[in-house]
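Have the structure open while you read.

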Amino acid sequence: MSDQSKQAEIVRQSLKRRYRKERRFRAYGIIAIAIALSALVVLFADIIGKGHSAFIKTTITMDVDIDGEMMYLDDASDERQMKMADFVEPLIQALMREIPGAGESDRDAVRDLLNPYASNQLRDALKEYPDLLGTTQTMELLSHTNVDVYVKHAGDDNYSIKLNQQQREWVDQLVEKGVVDTSFNDVFFSRGDSRDPSRAGILGAIVGSLLTMAVTLVLSFPIGVAAAIYLEEFAPQNKLTDFIEVNINNLAAVPSIIFGLLGLAVFINLFGMPRSVPVVGGLVLTLMTLPTIIISSRAAIKSVPPSIREAAEGIGASKMQVVLHHVLPLALPGMLTGSIIGMAQALGETAPLLLIGMVAFIVDVPGGFLDSATVLPVQVFLWAGSPELAFIERASAAIMVLLAFLISMNALAIWMRKRLERRW
Amino acid sequence: MKLKTAIASVAVAGSIAALSTPAMARDTISIVGSSTVYPFATVVAERFGSNTDFPTPKLESTGSGGGLKLFCQGIGTQHPDITNASRRMKPSEFDLCQSNGVEDITEFRIGSDGIVIASSRDADNLELTLEQLFLALGKEVPSPDDESKLVPNPYEKWSDIDASLPNVAIRVMGPPPTSGTRDSFNELALQGGCEDLPAVADMDEDQMESVCQSIREDGAFIEAGENDNLIVQKLIDDDSMYGVFGYSFLEENSDRLQAATLNGKVPTAEAIAADDYPVARSLFFYVKKAHVGVVPGIKEYAAEFTGVGAMGPNGYLKTVGLIVPPRDALMDLQDKAENLPNLSKDELM
């Protein structure tokens with residue numbers, strides 16, 4: 001009797017300690033989550049803080065006299081004349097008119113406010129509408145990157161302003177007059193890469209990513225699903241299939257750069273496929289995503305309850321009918337979810353593409369599977385390594401675009417699981 | 001039924017994608033090579049693409065050695081047409097090219113680049129001789145007590161080497177061994193400061209090279225990867241740190257960084273072009289002549305690169321930091337772009 005009460009006493013005394021222990025244990029969990037969340041917040045704050053300004057462009061809007069005499073051009077439909085014409089002069093003249101204090105000796109300083117490619121804008125306009133020659137047009141031209149940096153980041157220690165004192169005063173005046181203005185950076189979403197930060201865009205990388213992903217999806221999904229169905233439904237249980245299963249799991253853990261090496265050796269050196277093209281990129285990423293898709297598809301097939309199979313077999317369905325009519329449709333949402341997550345992983349991959357030449361400077365937006373292309377994470381990598389400071393904000397902006405793609409892909413996966421998955 | 005057609009169409013699309021890939025004609029120039037030449041070549045490529053009807057060339061930054069290896073792999077459109085290099089082609093690379101059928105090559109020397117040792121503007125600027133630089137960074141240096149004996153580098157502070165240098169720990173960030181910048185730094189700066197030291201002066205060439213071009217591994221020299229922006233960022237954050245990189249990065253960040261003088265010379269564009277600054281090197285690109293006429297625009301690209309608009313005294317390459325060649329050298333280059341003379345092995349020896 002006294003023994004029992006003694007034991008109860010011991011338990012009662014230790015109770016407090018045990019509660020404390022539990023509270024501590026819970027606190028550890030909360031701290032872990034807080035660390036993860038704060039890392040995420042810091043990351044996002046840094047990227048958005050650095051990158052948001054890349055979505056704004058600086059333009060110069062002014063009336064340009066498209067004067068043939070000034071440009072040595074009297075017929076804009078004549079190709080030879082167009083080649084030799086001076087498209088910069090009218091722009092300099094127009095900008096000089098907007099800056100009252102600028103004299104003839106300031107020409108070079110004034111020219112340096114204009115984007116080096118601004119004259120191409122005038123040339124392309126004339127190429128399309130030769131009748132514009134001799135008229136005065138209001139044109140919106142891109143400013144020089146230095147002006148862009150000054151307008152957006154004056155006073156920011158992380159950026160060095162490359163304009164001299166006089167140019168800064170001019171720009172301040174022009175901003176006040178409304179000639180120099182900022183607006184949404186549509187250039188960023190409508191062009192390929194460029195060495196001039198204010199003309200650089202991510203459309204080329206987005207299209208490259210989409211083409212590469214298309215190849216990856218078209219190849220890896222059917223192959224992965226077929227492999228999973230065979231292994232799960234038809235394959236005999238023996239040492240060989242065990243061996244295959246172990247190796248599929250191993251393959252999922254192989255560093256992605258190895259697949260790049262394989263792609264270089266097999267697709268490019270052996271089959272003679274061209275470098276830097278989405279087809280090869282897609283093939284390499286297919287190899288990388290296949291194990292993920294096979295594993296998730298097998299899990300999805302396994303989760304279809306045996307009662308469904310048995311019922312189908314009970315009314316006389318063949319093995320193939322059971323698989324195609326019942327198991328596959330029920331497992332498909334799970335397979336799709338796994339594939340989307342595999343694709344999202346492939347979308348963020350850079351290392352294997354390094355070796356097959358997709359880390360390259362490519363200006364033209366790719367038009368097909370055999371055009372040279374880069375992908376979004378590669379674009380981030382290239383811009384982050386550029387000497388021009390204005391590329392830093394563009395790299396961060398490209399990260400934001402990439403994150404938006406990844407988040408929407410993951411959201412799609414979650415939505416599909418919620419909508420389509422059947423609970424048993 | 002629907003599922004079957006879906007699967008079938010996916011399979012058809014997949015096989016089309018797989019079958020349509022055999023090596024085919026390419027109409028875009030493919031350029032590989034040095035990461036130092038890359039910022040200049042990309043600007044030329046973009047201008048070339050926007051001012052002519054040819055598509056914009058594709059550029060990969062593979063490093064000088066990697067570029068030459070790809071370039072020399074053979075003739076055919078799966079191989080690059082042009083490679084950039086921040087050093088001259090080695091005779092062994094020339095042999096590799098020859099043995100793979102890449103026989104006719106034209107070499108273009110397109111100007112110079114200097115390697116600088118920079119620090120934040122708030123730091124003590126260094127005024128070094130090449131010898132002091134080697135003593136600071138060499139793996140084995142002459143002992144401070146006995147000049148003829150080599151010992152593992154004992155110097156911890158700059159002021160240990162010479163009292164005139166700042167009293168801060170030696171910490172230098174620089175490029176990794178895969179980089180052409182590192183090759184040139186080893187060859188021009190370290191070996192330049194080391195070969196006249198009494199302890200190594202009598203060594204044979206190989207031995208001297210291995211002593212002079214070994215950088216200390218005790219943490220004083222920090223390898224920073226190919227990302228020069230990272231080095232710049234670190235220098236600005238840390239006043240006691242020094243960094244090694246190409247002149248164009250110094251120019252881009254000139255209001256935040258200052259450069260150490262070497263042998264009393266300040267790295268300026270003029271000093272580098274005149275070979276006055278001791279750590280200056282030439283930049284090159286090589287054209288595969290067998291591809292001229294097969295891939296459209298190669299000759300025109302070479303002409304654009306060597307034109308006055310690009311490399312003249314007011315050319316656009318100058319504004320991105322290339323130290324352009326003097327006028328008569330430029331005229332020679334333009335002749336080369338016109339005639340594409342063959343490179344011979346004797347020139348490389």
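A salt bridge here is a side-chain nitrogen of Lys or Arg within 4 Å of a carboxyl oxygen of Asp or Glu. Keep in mind that this is a predicted model. Side chains of opposite charge can pair when their charged atoms come close. Over all chains, the structure holds 32 salt bridges. Let's start with E46(B), which forms one with R199(A), with 3.1 Å between the closest N and O atoms. This pair crosses between chains: E46(B) sits in helix α2 of chain B, and R199(A) in the loop between α9 (187-190) and α10 of chain A.

Are these two partners buried or exposed? E46(B) counts as buried because its relative accessibility is 2%, and R199(A) is buried too, with a relative accessible area of 10%.

| Pair | Closest N to O distance |
|---|---|
| E46(B) and R199(A) | 3.1 Å |
| E233(A) and R309(A) | 2.3 Å |

**Pairs within a chain**

Take E233(A) and R309(A), which form a salt bridge with their closest N and O atoms 2.3 Å apart. E233(A) lies in helix α10 of chain A and R309(A) in helix α14 (residues 306-314) of chain A, so this pair ties together parts that are 76 residues apart in sequence. E233(A) is buried, with a relative accessible area of 9%, and R309(A) counts as buried at 17% relative accessibility. What else is E233(A) in contact with, leaving aside its neighbours within four places in sequence? Besides R309(A), the list holds I301(A), K319(A), V323(A) and V327(A).

R26(B) lies in the loop between α1 and β1 (30-33) of chain B, while D81(B) lies in the loop between α3 and β3 (82-85) of chain B, so here the parts tied together are 55 residues apart in sequence. R26(B) counts as buried at 16% relative accessibility, and D81(B) is buried with a relative accessible area of 0%.

Back in chain A, there's also a network of salt bridges, linking D148(A), K152(A), E393(A) and R394(A).

**Where the chains meet**

On to the interface: 35 residues of chain B are in contact with 43 residues of chain A. The area buried between the two chains is about 3400 Å², and carbon and sulfur atoms give 53% of that. Two salt bridges are found across the interface, and the count of residue pairs in polar contact is eleven (both at pLDDT 80 or more). Which elements give two or more residues to the side of chain B that touches chain A? They are α1 (2-19), α2 (38-51), β2 (58-60) and α10 (247-252) of chain B. α2(B) gives the most, with eight residues. As for make-up, the residues on this side of chain B divide into 14 nonpolar, 13 polar and eight charged.

**One helix of chain B**

Finally, have a look at helix α4 (residues 91-99) of chain B, whose buried residues are E93(B), F94(B) and C97(B). They're on the same side of α4(B) because they cover an arc of only 105° around the axis. What covers these residues includes α3 (64-71), β4 (105-120) and α16 (345-348) of chain B. After α4(B) comes G101(B), which has a positive phi, near 90°.

Definitions and conventions
Residues numbered from 1 in each chain as written. Chains lettered and ligands numbered in written order. Predicted model: local features only at pLDDT ≥ 70, side-chain atom pairs only at ≥ 80, totals over all residues. Heavy atoms only, no water. Buried < 20%, exposed > 50% of the residue type's maximum accessible area, 1.4 Å probe, protein only. Helix = DSSP H or I, 4+ residues; strand = E, 2+ residues; numbered from the N terminus. Arc of directions from axis to C-beta. Contact = heavy atoms within 4.5 Å. Buried area = accessible area lost by both parts, 1.4 Å probe. Polar contact = N/O pair within 3.5 Å; in protein donor to acceptor, adjacent residues only side chain to side chain. Nonpolar A, V, L, I, M, F, W, Y, C, P; charged D, E, K, R; others polar.
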